[in-house]
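Subject: Structure for you to look at

Dear colleague,

I am passing on the structure we spoke about, and I would be glad if you opened it beside this message. Please look it over first, and then read on.

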Amino acid sequence: MASLGGSSSSSTEYIVRVPKNTSKKYSIMAFNSGDKVNCSSWTQARMERDMSNRRMYGVEETEGAAGSEFGKKQREEARRKKFGIVTREFKVEDQPWILKVNGKAGKRFKGTKKGGITENASYYIFTQCPDGAFEAFPVNGWYNFVPQAKHRTLTAEEAEEEWGRRNKVVNHFSIMLQRRLREQERGPDDDDEEGEKGGKKKKKKGGRGGDLRIHDLEDDLELSSDESDSSGGEDGDSKPKKKEGDVKGKGKKKKKKKRGSDSEANEDSDDGDFEGLEVDYMSDESSSEEEVGEEKAKSNKEAVPKGIDEASESEEESEEEKQNEEEGKEEEEEEEGKKTPVQTKKKRDSSGESDTSEDSDIDGEAASALFMKKRTPPKRGGGRGSGGSSRTGSRPGTPSIDSASTSNTLRAAASKLEQGKRQVVGGSSESPAAKRLKMESSSTAVTTQSPAPSGKSTPQPPSGKSTPSSSDVQLTEEAVRRYLIRKPMTTKDLLKKFQTKRTGLSSEQTVNVLAQILKRLNPERKNVNDKMHFYLTE
Amino acid sequence: NLIKGSAAMSEKTEVDLTGVKQNTGVWLVKVPKYLAQQWAKASGKGEIGKLKIVKKQGKADVSFTLNEDLTSLSALGEKAASVRAPRDHPFTMHSVGGQTLAVFTETSADKISLEGMVVQRAECRPAVNENYMKLKKLQIEVSTKPQRLTEQMDRAVTNNFKPVSNHVANVEYEKKKRAEGRMVRADRQQVMDMLFSAFEKHQYYNIKDLVEVTKQPVTYLKEILREIGVYNTKGTHKSTWELKPEYRHYQGGEEEIKGD
């Protein structure tokens, strides 16, 4: 090594050697800088060739007597030669690498060989030796390493399928969940089981979902004290998977999705997203699926009357119904991968369209309910526990526990709708639903008729429910009392509950009546977020 | 069914990470082909030249000088005698940029070790001078030469296609046939045994193949076959013979003795 001193520059010379006898073959392991790979942080690494491309052509058929011909191999080879079919040799050095870092739980990489690097120029690795000289080693191969996804991905067919539904389902969690379910079920390989599992899952989810309230009209309500974020607003994709405990907090729960990536989907769905939805009336297939699922979920439901009762009962619980049904709908949709018209419509409705739209929707929904009924009578008849208020856009403020399965909710809602419509048309006085549509007082009676067999346990006895799912809402002291017991509300919130279109009163009247009621009730006050909230304690 | 070689999970090689743990840094240098060829000719300790690094006010100029004894070109043929490989090669340095490059080695014993990370990339360029231009010209001449050449000949080639009364191959074939002689009819039962054992190996046979196997005259063989076998005219196994169902005992690969 010769060192020459210079005025402002210093130069050093190093000897370069190309070792001759090296048995080591040098290769490049290239990572994308975006992957932020830091090799020095690795504690342990294993690498091997990926032999999955090796196909042993010779041994393609059974090596047994059965089905084989004499001389088949030779004939096949001759044939291939004749047609000039050249199969590429399987070279081990050209196969990709599989690199596993930090053991089973660590990262995985696949390194594919990059072609053509030694064609026109050679790459050499220059390393400095302890004696200061450089040693140059030729590079044998260049491998680009990419990280391998550990999470499940959809296959091409599944992806295409989901793409078609992208306007309807905005929740990736559901997609993967469905897929997982499907795979699970393919094990037992039974459609019934599938439905059952779906149903059970629904139930479970319903139960858990019951704790989470989704508010339809989160936007409209502008509930001051609540985290008005995702939950209510994005009804379309409410996926309340985590139990968030307390009753009071219902509806204010954030929709937590198991997958973090889904959080983006949340924001996408707004109230009006599903307005233009085209809904197909599903084939029997889906119906039967749902049927099965529902039957399981229902666990000893009787036919229509029960359903109606339950439906009525469920109507009492506005919030839970709505939410459960939403959830149920979501889950049903996802789990069964199909939509039914009513469900979709319900979803649409409950997905937060304002109350005003509800009235106009009644006919539509009832009609669809009728359709549904034709298609799947048992399903509808089954009366869901608390699915009643499919169309309640208007009861977000009062969460209530509904541990019944969400499917129950949906079913009940649908059946109730049907009943309601039917009753309206038929004019039979028997159906409580019809009456309930108009008057709330009957709801109590109805409730008593129907113990919640479907497992729906509504802690609050439905009393004087103010808003039956279909139309009218009565502004009574009972109703207000109920709301205030459940959670503190501002006057604005209360007003929202008794919207004029529903109660049939003018806004002035509403204000007056509400004021009177409040005077009578004399609720306690508390200040939350600079706003005066009223509440009652039982 | 395809038998695919499965990814051999069992023989995963543990990678030796000492290189990266020590933060060993290496240079990745792109070298022209002719220079690499010259380097391959190095003898002794493998010294090929000198690397000179001049640090001038923060910037570094790197250049490589090829050893004199390695400048003789032989790879390009006879004409290369007049041209020598250039000696001076400045390096163009690049940063590693958008890629994280690591260097790993494999030994013949399939041991893998990570040698280090690439900290600097460089391109070795020849100093452009007369000598280099001559070299390049030579290279181009060599590479543009067509692989196939058409020559005109004075006289036609008369070594082939001479008429022959009987070709060599034919003669041998006939000799062989005569040596074998006609096929003799063996005992019926013996033939049947031969057939059964043959059908144990494969299910379908061409009549010609059976003749070869049993060494029996065709008519005789066909008679016997008609007794114990059936001829497939349609289906995948075009025109082949197989045993009658009652004689068959195939079970997914298992071979059983077929009885009468």
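Predicted model: local features only at pLDDT ≥ 70, side-chain atom pairs only at ≥ 80, totals over all residues.

To begin with the chains, the secondary structure of chain A comes to 20 helices and 10 strands, while chain B has 7 helices and 9 strands. Chain A has 538 residues, and buried residues make up 52% of them; for chain B, with its 260 residues, the buried part is 35%. If you take the contacts in chain A between residues at least 6 apart in sequence, 76% of them join residues at least 24 apart. In chain B, among contacts between residues at least 6 apart in sequence, 61% join residues at least 24 apart.

The largest nonpolar core here has 31 residues, and the members that touch the most other members are Phe126(A), Trp39(B), Leu51(B) and Phe91(B). Helix α2 of chain B, which covers residues 33-40, gives the largest share of this core, namely 4 residues. Apart from this core lies another one, of 21 residues, which includes Phe31(A), Trp42(A), Phe145(A) and Val15(B).

Trp39(B) deserves a look of its own, and if you leave aside its neighbours within four places in sequence, you will find Trp39(B) in contact with Val18(A), Tyr124(A), Phe126(A) and Ala136(A) from chain A, and with Val31(B), Ile48(B), Phe64(B) and Leu66(B) from chain B.

The crossing in which α5(B) passes α6(B) is right-handed. On the side of α5(B), the contact is made by Met194(B), Leu195(B), Ala198(B) and Phe199(B), and on the side of α6(B) by Leu210(B), Val213(B) and Thr214(B). Sorted by class, this contact of α5(B) with α6(B) has 6 nonpolar residues, 1 polar residue and no charged ones.

The axes of α6(B) and helix α7 (residues 218-228) of chain B also come within 10 Å, and they cross at roughly 105 degrees, so α6(B) is roughly perpendicular to α7(B). Here α6(B) contributes Ile207(B), Leu210(B), Val211(B) and Thr214(B), whereas α7(B) contributes Val218(B), Leu221(B), Lys222(B) and Leu225(B). The residues of this contact of α6(B) with α7(B) divide into 6 nonpolar, 1 polar and 1 charged.

Lastly, some single residues. Asn529(A) sits in the loop between β9 (524-528) and β10 (531-535) of chain A, and its phi is near 55 degrees, a positive value in a residue other than glycine. Asp110(B), in the loop between β6 (99-106) and β7 (112-124) of chain B, likewise has a positive phi without being glycine, near 65 degrees.

Is Thr537(A) buried or exposed? Thr537(A) lies in the segment after β10 of chain A, and because its relative accessibility is 55%, Thr537(A) counts as exposed. The C-alpha atoms of Thr537(A) and Pro523(A) are separated by 8.4 Å, although the two residues are 14 apart along the chain.

With best wishes

Notes:
Residues numbered from 1 in each chain as written. Chains lettered and ligands numbered in written order. Heavy atoms only, no water. Core = buried A, V, L, I, M, F, W, Y, C linked by side-chain atoms within 4.5 Å. Buried < 20%, exposed > 50% of the residue type's maximum accessible area, 1.4 Å probe, protein only. Helix = DSSP H or I, 4+ residues; strand = E, 2+ residues; numbered from the N terminus. Contact = heavy atoms within 4.5 Å. Left-handed = near helix turned anticlockwise from the far one by under 90°. Nonpolar A, V, L, I, M, F, W, Y, C, P; charged D, E, K, R; others polar. Axes fitted to C-alpha atoms, helices over the stretch in contact; angles between N-to-C directions. Parallel < 35°, antiparallel > 145°, perpendicular 65-115°, else oblique.
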